[in-house]
Amino acid sequence: MNATPPQEPLDARPRPARLTVGVVGAGRVGPALAASLRLAGHRPVAVSGVSDASRRRAAALLPSVPLVPPAEVMARAELVLLTVPDDALPGLVEGLVETGSVRPGMLLVHTSGRFGADVLAPATRAGALPLALHPAMTFTGTAVDVQRLAGCSFGVTAPEELRLAAEALVIEMGGEPEWIEEAARPLYHAALALGANHLVTLVAQSMELLRTAGVAAPDRMLGPLLGAALDNALRSGDAALTGPVARGDAGTVAAHVAELRRHAPAAVAGYLAMARTTADRALANGMLKPELAEDLLGVLAEGDLR
C-alpha cells in the first residue's frame, strides 16, 4: 500500500527566505520592526541614525548591529526598511537611486501610512522590489513596541506579484495584514490619525482640565471611563454616544463653553468643533431630537462668535 503523502496545513502561508535586514532611519518604528524580524529568524546587519536619540534606540533594540551611513545599510542588506518621516521619503528614495545604492532584487520596504508602493517607483525602475507595510500602532521607541506588534494590523500595499511576500513578512512580525489599495492610502492614514493622534490631544487636554478642577489623579479617573467609551464605540459606533450633546442639553453645553473660556480658552475651538460633529452624528442617527438640536446648535454657533 502506498503511503499517503503528508497534507499541507490549511493555514500554511508562504514564508520568505531568511534575509539580512537593514534600517534607514532609526526613529521609533524601524528598530522595533527589525527586532521583530530578528525574532522571526531574519538577521539585522546595519542601521543608520543621525540623532543621539535614534542611536540610543538602535543600541537598545538592535544590540551589536553596527551604525553606518544609509549607503552602507543598502549595501549590506537584502531587505531594507525605510523608516523616515512621510515628507522625507520621496527625497530619500530619489537620493538612494541617484547614488547607485539600489540593487536589483533587493526588498525595499517603507512604513509610511500616507504612501503606497508608487513612492518607491524610482527604486522599482532600478530593480528593487517595493513594499509598503504600515503598522497601525503608536510607537514609544522601547522594547514594548515589539510586544505590541503581536496582533497589530498593517496596511499593506504592493504590486500584485509581491502581495504574498508582503503579507508573509507582516505575519512573521506577529501582525495582521490588511490590503489597502494605492489610491486609498491617504484616506486610510487620515482615518488612523483622526482616531489615534487626535485622541492623545483630547485626553491630554482632559487631564489638564481635571487638574485645574482639583482632581489629584486625572489618569485614574479617566482610565475606566475612556476604556469603557472606547470599547463601546468599537462595538456599537454612534450608538455608544452619551453625554450632554447627544442628549441635547444645551444649557450644560453653554456652561461648558463658559468655563472653558475662563480656564482654558485654547480648548474652546476644539470643544465646539467636536460638539458640533457629535451633534450632527447624533441627529443623523435619531439619538438627538430635532427640537432639542436647534437650541444646542444655537449655543455652539454663539460660542463661535465670542
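A nonpolar core here is a set of buried Ala, Val, Leu, Ile, Met, Phe, Trp, Tyr and Cys residues joined through side-chain atoms within 4.5 Å. Keep in mind that this is a predicted model.

**Stop 1: the largest core**

Select Leu79, Leu81, Leu131, Leu133 and Phe154. These have the most contacts inside the largest nonpolar core, which has 33 residues. Now colour the elements that each supply at least two residues of this core: strands S1 (20-24), S3 (79-82), S4 (107-110), S5 (129-135) and S6 (153-157), with helices H1 (30-39), H2 (52-61) and H7 (163-172). Which helix gives the largest share of this core? H1 does, with five residues. In soluble globular proteins, nonpolar side chains tend to be buried together.

**Stop 2: around Phe154**

Centre on Phe154. Leaving aside residues up to four places away in sequence, Phe154 touches Leu33, Leu133, His134, Pro135, Leu149, Val170, Met173, Gly175, Glu176, Pro177, Glu178 and Tyr188. Next, move to a second, separate core of 21 residues; among them are Val73, Ala77, Leu92 and Leu96.

**Stop 3: H8 and H9**

Select residues 185-212 for helix H8 and 218-236 for helix H9. Their axes come within 9 Å and cross at roughly 135°. H8 is therefore oblique to H9. The crossing is right-handed. Show side chains at the contact: Val203, Ser206, Met207, Leu210 and Arg211 from H8, and Pro218, Asp219, Met221, Leu222 and Leu226 from H9. Colour them by type, and this H8-H9 contact divides into seven nonpolar, one polar and two charged residues.

**Stop 4: H11 and H12**

Move on to helix H11 (residues 250-263) and helix H12 (residues 268-284). Are they roughly parallel or roughly antiparallel? The axes come within 9 Å and cross at roughly 160°. Angles over 145 degrees count as roughly antiparallel, so H11 and H12 are roughly antiparallel to each other. They too have a right-handed crossing. On H11, pick Val253, His256, Val257, Leu260 and Arg261; on H12, pick Val268, Tyr271 and Leu272. These residues make the contact. They divide into six nonpolar, one polar and one charged.

**Stop 5: Met274**

Stay on H12 and select Met274. Is this residue buried or partly exposed? Met274 counts as partly exposed, because its relative accessibility is 43%.

Conventions
Residues are numbered from 1 along each chain as its sequence is written. This is a predicted model: local features need pLDDT of at least 70, side-chain atom pairs count only at pLDDT 80 or more; totals for chains, interfaces and linings use all residues. Side-chain values use heavy atoms; hydrogens and water are left out. Axes are lines fitted to C-alpha atoms, for helices over the stretch in contact, and angles run from 0 to 180 degrees between N-to-C directions. Helices (H or I, at least four residues) and strands (E, at least two) are DSSP runs, numbered from the N terminus. Angles under 35 degrees count as roughly parallel, over 145 as roughly antiparallel, 65 to 115 as roughly perpendicular and the rest as oblique. A crossing is left-handed if the near helix is turned anticlockwise from the far one by less than a right angle, and right-handed if clockwise. Contact means heavy atoms within 4.5 Å. Ala, Val, Leu, Ile, Met, Phe, Trp, Tyr, Cys and Pro count as nonpolar, Asp, Glu, Lys and Arg as charged, and the others, Gly among them, as polar. Buried means under 20% relative accessible area, exposed over 50%, partly exposed in between (1.4 Å probe, protein chains only).
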